[in-house]
Amino acid sequence: MLPDERGYFGDYGGQFVPETLMPVLDELATAYKEARADKAFWSEFEALSRDYSGRPTPLYLAERLTENCGGARIFLKREDLAHTGAHKINNALGQGLLARRMGKRRIIAETGAGQHGVAAAAVCAKLGLECIVYMGEEDVRRQSLNVFRMRLMGAEVRPVHGGSRTLKDAINEAIRDWVTNPDTYYLLGSVVGPSPYPVMVRDFQSVIGKETRQQILDKSGRLPDYIIACVGGGSNAIGIFYSFLNDKEVNLIGVEAAGRGLSTGEHAAPLMAGTVGVLHGTKSYVLQTKDGQIRETHSISAGLDYPGVGPEHSYLKDSGRATYVAVTDQEALEGFKLLCKTEGIVPALEPAHAIFHAAKMASSLEKEKTIVVNLSGRGDKDMDIVAQALGVKL
Amino acid sequence: MSKIASAFSPPGHKALIAYVTVGYPSVEATLKVVPLLADSGADIVELGIPFSDPLADGVTIQKSSFHALQNGVTPRLCLELAGQLSQKVNIPLVFMTYYNPVFSYGLDKFCSACAGSGISGIIIPDLPPDEGSDLEAISQRQGLDLIYLLAPTSTGERIRLAAQRSRGFIYLVSVTGVTGARDRVPADLEAFVTRVRNTTAQPLCVGFGISTPEQASRIARIADGVIVGSRIIQLMEKEDDFASLAELVRSLRGSIDKISGQ
């Protein structure tokens with residue numbers, strides 16, 4: 001069973017944090033262990049997932065997309081239809097309930113694209129908790145709609161001016177806040193960070209894969225041949241992969257952001273082009289210089305624009321259980337347009353990476369094969385960026 | 001006696017520990033300031049190897065680290081400068097940095113380079129004892145002290161862990177928070193230091209937020225050493241001759257010595 005009791009998935013994971021937070025992580029791990037064993041905790045989580053988040057989300061056969069590719073059948077797991085518009089609500093809800101159970105009143109979170117920030121803000125509003133969201137200044141600019149949504153739901157959004165002013169710096173600042181206020185609950189948004197976050201976030205997101213497994217069996221009578229998901233920190237990918245880890249016939253494919261191209265160095269693909277390092281409390285693949293400085297990243301999608309990745313993905317890569325590829329900004333835009341035109345679904349730029357890769361693969365596969373893509377979020381938030389990239393003035 | 005232990009001798013001598021970010025505001029400044037700190041009364045100097053994501057640091061050291069990285073400072077250069085500085089000064093020099101630059105350099109290679117450059121110890125704020133076994137074993141083979149930290153949130157069990165595993169001294173973080181000059185010493189600091197003191201005879205040095213001689217003397221009453229960082233960086237921002245920096249260090253020395261009765 002991974003992770004082990006020290007929070008390691010093979011060589012990856014751990015707790016590389018300042019001493020101040022070590023007792024806090026212990027407290028969190030204990031509280032989560034108790035909650036995990038408590039049926040009442042899960043029945044509340046499930047009831048709210050149904051009535052508040054709108055679960056289960058559909059598994060949808062994308063017929064015109066399939067036809068367009070002329071090969072394998074493509075199913076979409078519609079996390080874009082979940083409340084707040086992305087899979088992020090699953091984790092925010094789970095951790096929000098845990099925070100309330102622990103008696104915490106002040107919640108901090110980081111956000112890149114703003115989807116986790118919006119989900120955290122929604123859950124805090126719903127549970128009556130104070131919510132502060134750290135967000136890189138650059139992301140505040142490119143995801144202004146989400147900033148407004150968070151503020152409408154009562155969250156305080158604090159722009160972060162340090163470093164590259166993106167997700168990595170928002171996490172740094174959230175950790176600094178947490179070190180200063182150890183009574184605060186840190187609602188981390190992905191399967192990254194020190195133990196127990198990678199396992200806790202995975203557990204809350206694994207609802208995606210559990211549903212998918214049942215739905216695909218109902219619809220096609222067998223397991224899919226491929227599951228494809230985009231990977232930034234990696235929470236939507238782990239969420240859909242997890243229920244299939246033991247089904248060796250199911251190929252698991254994670255799609256990282258190749259940005260302007262892996263060879264340009266301007267990308268956000270640590271599994272494809274990084275080396276092992278320690279960032280934000282966990283040992284995993286990281287984009288870093290030869291001197292161990294964390295590199296600045298680039299992706300058209302703010303949600304993938306992160307130099308690290310969850311430790312379990314590093315483990316799945318090394319073990320060969322999952323494979324990882326990378327898709328450029330331009331390709332993601334093609335995937336984006338393709339889904340809009342063939343299905344009338346506007347995806348977020350993050351899963352647009354997965355759509356592109358799925359479409360490419362589908363055309364080279366036989367019609368009997370099936371692919372499930374985790375459509376992790378909807379694209380409303382990305383209208384400005386896409387318009388700009390397509391040279392359209394709104 | 002290890003070189004770091006000598007900073008706490010004779011018994012009752014309270015150590016003054018000064019932090020600088022290597023290469024801030026320039027490499028020349030580091031070469032000039034470290035001997036000045038030693039001459040002005042510092043017993044140990046912490047040389048900060050800058051890291052891109054200093055999550056235990058407040059704005060002052062974040063800025064100095066960023067600036068140093070812009071100046072092209074690398075771990076390799078820090079080791080070279082440490083080699084030069086250890087020839088010039090007689091006091092122990094320790095590195096303070098984050099785990100990734102050390103891990104990326106290679107633990108073995110880093111520790112042997114430290115030993116070769118006259119470095120006496122290493123402080124890594126994001127490496128708790130729970131994750132430190134590898135570096136501990138390697139650093140001990142090279143005669144380096146791996147200094148662990150404790151915080152006001154540390155439980156009795158964690159205090160025993162650090163007491164057992166830390167070498168040279170234990171770094172007590174005065175507040176729950178990041179580095180940076182603060183107006184006052186936290187009210188519950190004495191209780192925290194006493195909790196640790198009741199567990200171990202190791203030297204206890206207190207850092208984070210200490211900037212004035214008054215604060216230093218309060219710390220010296222209860223601990224074995226006083227660590228000053230951000231205030232030193234702030235003074236280095238302003239001038240080339242470092243006259244007010246030398247004056248600060250001399251007055252810190254004076255206020256600490258009054259306590260130890262020297």
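Is Ser363(A) buried, partly exposed or exposed? At 42% relative accessibility, Ser363(A) counts as partly exposed, a class that lies between buried (under 20% relative accessible area) and exposed (over 50%), with a 1.4 Å probe and protein chains only. This is a predicted model, where local features need pLDDT of at least 70, side-chain atom pairs count only at pLDDT 80 or more, and totals for chains, interfaces and linings use all residues. Residues are numbered from 1 along each chain as its sequence is written, chains are lettered from A and ligands numbered from 1 in the order in which they are written, and side-chain values use heavy atoms, leaving out hydrogens and water.

**Around Ser363(A)**

- Ser363(A) belongs to helix H15 (residues 349–363) of chain A; helices (H or I, at least four residues) and strands (E, at least two) are DSSP runs, numbered from the N terminus.
- Setting aside residues up to four places away in sequence, Ser363(A) touches Cys69(A) and Gly70(A), where contact means heavy atoms within 4.5 Å.
- Between Ser363(A) and Leu129(A) there are 48 Å in space, C-alpha to C-alpha, and 234 residues in sequence.

**The sheet in chain B**

- Look for an open sheet of nine strands in the order S5-S4-S3-S2-S1-S9-S8-S7-S6 (chain B), with parallel pairing; two strands pair if DSSP finds at least two bridges between them.
- Strand S5 (145–147) and strand S6 (149–150) of chain B are at the edges with a single partner strand each, so one side of each has no neighbour in the sheet.
- Strands S1 (residues 15–21) and S2 (residues 44–48) of chain B run parallel and are joined by five bridges.
- In S2(B), Leu47(B) is the residue opposite Val20(B).
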